[in-house]
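Hi,

Here is the model I promised to pass on.

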Amino acid sequence: IFTQTEVTHITRWELNFSICLLSPEKNVALKGTATQSSQYDSYGAAGNAIDGNRNTKYTDGSCTHTNQDSKPWWRLDLQDVFTVTSVTITNRGDCCSERIDGAEIRVGNSLDDNGNQNPLCAVVPSIAEGQSSSFQCNWTMGRYVSVVLPKPGILTLCEVEVNGHDSFPFALV
């Protein structure tokens, strides 16, 4: 227990961290909405990556797929600001696992450049075919989570899980 003289200043991060300890971590992606730079065909809808299904066979309809774009991206609107602790991506298992190589995971509140200028959470070096990998986001706060390939290519994601906590519902002055 702190006395008034022991605590004179608390940062926004410290307060948010304390509140997050009280709220359980969960996959906050499941109630969001997704969009992407383009859609290859009827199987490759953006929302497939947040259906709660890690199925990695493209034709089963649980993966996304863009066209060949100059800078393909996928974006999730969490519908509210959350404190993101990690993002887990499941890669396609029936081909083309290298498409994810070099993708950037970004978390923030801006829609500038489709959210692709938000703070960088991680760069995906590679994910083995049909496997999932988790990337730590250091308690980044944001409403939007983007996966962008900063080069020409095709982006395919079979599941994106965003692990996080409710953020505090008030602003510090």
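**What I found**

The protein exposes about 8700 Å², with carbon and sulfur atoms supplying 51% of that; accessible areas are from the Shrake-Rupley method with a 1.4 Å probe, and for residues only the protein chains shown count as cover. Do keep in mind that this is a predicted model: local features need pLDDT of at least 70, side-chain atom pairs count only at pLDDT 80 or more, and totals for chains, interfaces and linings use all residues. Residues are numbered from 1 along each chain as its sequence is written, and side-chain values use heavy atoms, with hydrogens and water left out.

On the fold: there is 1 helix and there are 7 strands, in the order α-β-β-β-β-β-β-β from the N terminus. Both kinds of element are DSSP runs numbered from the N terminus (helices H or I, at least four residues; strands E, at least two). Of the 173 residues, 47% count as buried (under 20% relative accessible area; exposed is over 50%, partly exposed in between; 1.4 Å probe, protein chains only). Taking contacts (heavy atoms within 4.5 Å) between residues at least 6 apart in sequence, 77% join residues at least 24 apart.

Strand S3 is the one to look at. In S3, 15 of the 18 residues are buried, so the strand is largely enclosed by the rest of the structure. Its pairings (at least two DSSP bridges between two strands) are these:

- S2 runs antiparallel to S3, with 4 bridges; Thr33 has Asp77 in S3 as its bridge partner.
- S6 (residues 132-148) is also antiparallel to S3, over 13 bridges; Trp74 is partnered by Val147 in S6.
- S7 (residues 159-166) is joined to S3 by 8 bridges, again antiparallel; Thr88 is partnered by Glu161 in S7.

Now the inside. The largest nonpolar core has 29 residues, and Trp74, Val87 and Ile89 are among those with the most contacts inside it. S3, S4 (104-108), S5 (120-123), S6 and S7 each supply at least two of its residues, and S3 gives the most, with 7. By nonpolar core I mean a set of buried Ala, Val, Leu, Ile, Met, Phe, Trp, Tyr and Cys residues joined through side-chain atoms within 4.5 Å. Setting aside neighbours within four places in sequence, Ile89 touches residues including Ile100, Ile105, Val147 and Leu157.

There are 6 salt bridges (a side-chain nitrogen of Lys or Arg within 4 Å of a carboxyl oxygen of Asp or Glu).

- Glu161 and Arg54 meet at 2.7 Å, N to O. Glu161 lies in S7 and Arg54 in the loop between S2 and S3, so the pair ties together parts 107 residues apart in sequence. Glu161 is buried at 16% relative accessibility, whereas Arg54 is partly exposed at 44%.
- Lys71 and Asp113 meet at 3.0 Å, N to O, linking the S2-S3 loop to the S4-S5 loop, 42 residues apart.
- Arg106 and Glu104 have their closest N and O atoms 3.1 Å apart; Arg106 is buried at 14%, and Glu104 is buried at 17%.

Finally, there is 1 aromatic pair: Tyr43 and Tyr58, edge-to-face, at 5.9 Å centre to centre and 65° between the planes. (Rings of Phe, Tyr and Trp, the last by its six-membered ring, pair if their centres lie within 6.5 Å; planes under 30 degrees apart are stacked, over 60 edge-to-face, the rest tilted.) Tyr43 is partly exposed at 37%, while Tyr58 is buried at 4%.

Cheers
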